[in-house]
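Hi there,

Here is the structure I promised to pass on to you. Please open it first, and then read my notes below.

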Amino acid sequence: MPAFPEIDKIPFEGPSSKNPLAFKYYDENELVDGISMKDHLRFSVVYWHTMRGSGADPFGPGTALRPWDDGSESVENAQNRARVAFEITEKLRAPYYAFHDRDVAPEGATLVESHANLDAVVKVLKEEQQRTGIKLLWGTANLFSHPRYMHGAATSPNVEVFAMAASQVKKALEVTFELGGEGYVFWGGREGYQCLWNTDMKREQDHLARFIHMAVDYAKEIGFTGQFYFEPKPKEPTKHQYDFDAAACINFLRTYDLADHVKLNLETNHATLAGHTMQHEMEFAASQGFLGSIDANTGDLLLGWDTDQFPTDIYLTTQMMYVILKYGGLAPGGLNFDAKVRRESFEPIDLFHAHIGGMDAFARGLKIAAAILADGELQKIIDARYASWGSDLGAQIEAGEHGFASLEALMLEKGDAAPNQSGRQEMIENLINTYL
Ligand code: XUL
Ligand code: CO
């Protein structure tokens with residue numbers, strides 16, 4: 001029995017359509033620079049919010065109506081929920097999905113039971129993948145919900161908690177591999193600290209690195225060749241997360257010899273919690289060769305926590321797609337909607353409105369960013385701004401042919417640097433608005 005018998009696959013009807021259950025901009029087959037929107041955007045639906053989000057907040061219980069879910073922690077309910085997840089994802093025309101082990105299957109009383117529960121649901125996921133052609137963007141393990149992980153998982157002061165987390169990730173990697181997953185994510189759920197007085201920071205970071213190395217080694221052992229990702233987030237649930245932002249993560253990966261194996265999974269709301277824009281995080285990661293995948297959502301400027309809202313701001317999606325296109329695309333990563341409907345949007349249909357809006361916003365961002373790049377005006381301004389570096393002097397410095405002494409000699413002779421030119425920020429901002 002479908003959960004949404006009244007809904008077909010969401011059609012593309014163009015910008016003049018008034019049908020809330022139609023795409024106005026996302027036409028999966030439309031070519032942009034010779035590549036289909038589907039292949040540019042690589043949309044993914046997340047299991048934890050879309051299938052498990054209840055709308056609960058610290059002030060009250062869940063509000064979401066999910067008639068297909070009997071609310072129990074039974075394996076049968078989990079299997080049934082998995083079928084609905086694929087119905088929603090297929091109707092949304094999203095080619096990918098992503099999950100944590102404990103989103104899809106209930107944790108058992110023992111590890112043996114948890115593994116068996118997971119296997120029983122993975123069987124259904126596999127059938128549904130085959131039936132629909134939907135693929136797994138990435139898998140991950142939930143190492144933060146169970147009370148045993150109160151002090152962290154890989155960074156726990158309790159060595160057996162580390163071992164338990166390792167066992168969980170081993171299984172999650174096997175399952176991701178079995179489902180043909182294209183990646184695997186480490187988000188450091190509680191890998192951070194609440195209080196420095198009781199924390200051996202160096203030891204915890206060493207342990208986290210050891211843990212990720214074990215995962216890399218095990219992936220090699222079983223033949224999993226998917227991309228590993230590390231997901232920055234500055235705080236929440238701990239007051240300081242070790243994977244604070246792109247810069248901190250890249251430093252960690254380089255320090256611990258993980259840079260060849262792990263890229264970043266950047267999330268918009270995490271960027272803003274860290275005091276950055278998403279454009280900053282993406283540009284920084286990409287320029288250092290670490291742009292991996294995107295958790296597409298947005299925060300609320302007036303709220304200081306991770307609200308995980310669906311992205312609808314065209315300016316934001318334009319900035320994001322500009323970086324993605326500039327650096328040659330996102331594959332094997334994707335645009336993964338790590339986003340949830342509001343507590344007040346409690347009806348099942350709201351899940352469709354939310355995703356349609358996010359997908360349309362990125363379709364517009366893609367076309368606008370492609371137009372900015374194709375037009376070349378912005379690039380001309382940037383090239384002109386750095387033109388002096390095209391001189392002999394610039395080329396010699398960039399080639400490492402100068403030192404302080406030779407530059408001092410030059411400036412002593414010239415007396416002063418050439419005058420500066422305007423940064424033209426306002427003119428550029430006006431130019432960008434002409435493409436929107
Ligand atoms: C939490 C978060 C996670 C990761 C996967 O803020 O973003 O859902 O994306 O563990
Ligand atoms: Co995320």
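A polar contact here is a pair of N or O atoms within 3.5 Å; within protein, one must be able to donate a hydrogen and the other to accept it, and residues adjacent in sequence count only if both atoms are side-chain atoms. Before using that term, a word on the source: this is a predicted model, where local features need pLDDT of at least 70, side-chain atom pairs count only at pLDDT 80 or more, and totals for chains, interfaces and linings use all residues. Residues are numbered from 1 along each chain as its sequence is written, chains are lettered from A and ligands numbered from 1 in the order in which they are written, and side-chain values use heavy atoms, with hydrogens and water left out.

Let's start with ligand 1. A polar side-chain atom of D295 lies 2.9 Å from one of its oxygen atoms, and for E267 the distance from a polar side-chain atom to an oxygen atom of ligand 1 is 2.8 Å. The side chain of K233 also has an N or O atom 2.9 Å from an oxygen atom of ligand 1. The protein buries 93% of the 300 Å² that ligand 1 exposes when taken alone (accessible areas by the Shrake-Rupley method with a 1.4 Å probe).

Which residues surround ligand 1? They are W48, H100, W187, E231, K233, E267, H270, D295, D306 and D338 (a residue counts as near if one of its heavy atoms lies within 4 Å).

Next comes the metal. The cobalt ion (ligand 2) is coordinated by E231 (OE), E267 (OE), D295 (OD) and D338 (OD), at 1.9 to 2.2 Å. Donors are N, O and S atoms within 2.8 Å of the metal (3.2 Å for Na, K and Ca); water is not among the atoms, so sites may look incomplete. Along the chain, these donors follow the spacing E-x35-E-x27-D-x42-D. Distant parts of the chain are linked here: E231 is in strand 8 (residues 227-231) and D295 in strand 11 (residues 291-295), 64 residues apart. Helices (H or I, at least four residues) and strands (E, at least two) are DSSP runs, numbered from the N terminus.

Finally, some backbone details. Most residues other than glycine have a negative phi, and most peptide bonds are trans. The peptide bond from E236 to P237 is cis, with omega near 10°, and P237 sits in the loop between strand 8 and strand 9 (240-241). Another cis peptide bond runs from A331 to P332, with omega near 5°. R93 is not a glycine, yet has a positive phi of about 60°.

Happy exploring!
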